[in-house]
Amino acid sequence: DDVIVCVYNFTPVPRQGYRVGLPGPGSWSEILNTDASIYGGSNVGNSGGVFAEFVPMHNQKYSALLNLPPLGAVFFKGKL
């Protein structure tokens with residue numbers, strides 16, 4: 001089953017290497033980045049995706065390190 005996870009950064013400061021809990025392991029594709037250059041943003045992102053590993057975080061069994069754009073959101077799609 002496909003799952004979409006949305007992560008928001010409401011501060012004007014980019015967050016590099018921010019660990020976020022995810023509900024499943026493996027590859028998660030970055031399907032939307034509101035800071036992408038095509039939207040006039042500064043292009044802070046995750047190069048198309050991240051990899052979730054077995055590091056519990058936020059009440060989830062898996063997590064990944066994300067680069068969060070300032071005043072923006074990133075959406076990831078993965079499988080359970």
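Keep in mind that the model is predicted.

Let's start with the core. The largest nonpolar core has 13 residues. Those with the most contacts inside it are Val5, Val7, Leu22, Trp28, Val50, Leu66 and Phe76. Which elements give two or more residues to this core? They are strand 1 (2–9), strand 2 (15–22), strand 4 (49–52), strand 5 (62–68) and strand 6 (72–79).

Take Val5. Beyond its neighbours within four places in sequence, Val5 is in contact with Leu22, Pro23, Trp28, Val74, Phe75 and Phe76.

Now strand 1 as a whole. In a regular strand the side chains alternate between the two faces of the sheet. Strand 1 has a covered face made of Val3, Val5, Val7 and Asn9. On its uncovered face are Asp2, Ile4, Cys6 and Tyr8.

What does strand 1 pair with? Strand 1 and strand 6 run antiparallel, joined by 8 bridges. Within that pairing, Ile4 stands opposite Lys77 of strand 6.

Stay on strand 6 for Phe75. Leaving out neighbours within four places, Phe75 is in contact with Ile4, Val5, Cys6 and Tyr8, and also with Ser29, Glu30, Ile31 and Leu32. Phe75 and Gly48 are 27 residues apart in sequence, and their C-alpha atoms are 10 Å apart in space.

On to the salt bridges. How many does a search of the whole structure find? The search finds 3.

Asp2 first. The side chains of Lys77 and Asp2 meet in a salt bridge, 3.6 Å from N to O. Lys77 lies in strand 6 and Asp2 in strand 1, so this pair ties together parts that are 75 residues apart in sequence. Asp2 also meets Lys79 in a salt bridge, at 2.6 Å from N to O. Here Asp2 is in strand 1 and Lys79 in strand 6, so the parts tied together are 77 residues apart in sequence. Put together, Asp2, Lys77 and Lys79 are linked in a network of salt bridges.

How accessible are these residues? Lys77 is partly exposed, with a relative accessible area of 36%. Asp2 is partly exposed as well, at 45%. Lys79 counts as exposed, at 54%.

Another salt bridge joins Glu53 and Arg19, with the closest N and O atoms 3.2 Å apart. That pair links distant parts of the chain: Glu53 is in the loop between strand 4 and strand 5, Arg19 is in strand 2, and they are 34 residues apart. Glu53 is partly exposed, at 36% relative accessibility.

Glu30 is found in strand 3. Beyond neighbours within four places, Glu30 is in contact with Gly45, Asn46, Ser47, Gly48 and Gly49, plus Val74, Phe75 and Phe76.

Asp35 lies in the loop between strand 3 and strand 4. A polar contact of 2.7 Å joins the side chains of Asp35 and Ser42. Not counting residues up to four places away, Asp35 touches Gly41, Ser42, Asn43, Val44, Pro69 and Pro70.

Last topic: backbone angles. Most residues other than glycine have a negative phi. Ser47 has a positive one, near 50 degrees. Ser47 lies in the loop between strand 3 (26–33) and strand 4. Is Ser47 buried or exposed? Ser47 is exposed, with a relative accessible area of 82%.

His58 also has a positive phi, about 55 degrees. His58 sits in the loop between strand 4 and strand 5. With a relative accessible area of 48%, His58 is partly exposed.

To recap. The core has 13 residues. Strand 1 and strand 6 are joined by 8 bridges, and Asp2, Lys77 and Lys79 form a salt-bridge network.

Terms used: Residues are numbered from 1 along each chain as its sequence is written. This is a predicted model: local features need pLDDT of at least 70, side-chain atom pairs count only at pLDDT 80 or more; totals for chains, interfaces and linings use all residues. Side-chain values use heavy atoms; hydrogens and water are left out. A nonpolar core is a set of buried Ala, Val, Leu, Ile, Met, Phe, Trp, Tyr and Cys residues joined through side-chain atoms within 4.5 Å. Buried means under 20% relative accessible area, exposed over 50%, partly exposed in between (1.4 Å probe, protein chains only). Helices (H or I, at least four residues) and strands (E, at least two) are DSSP runs, numbered from the N terminus. Contact means heavy atoms within 4.5 Å. Two strands pair if DSSP finds at least two bridges between them. A polar contact is a pair of N or O atoms within 3.5 Å; within protein, one must be able to donate a hydrogen and the other to accept it, and residues adjacent in sequence count only if both atoms are side-chain atoms. A salt bridge is a side-chain nitrogen of Lys or Arg within 4 Å of a carboxyl oxygen of Asp or Glu.
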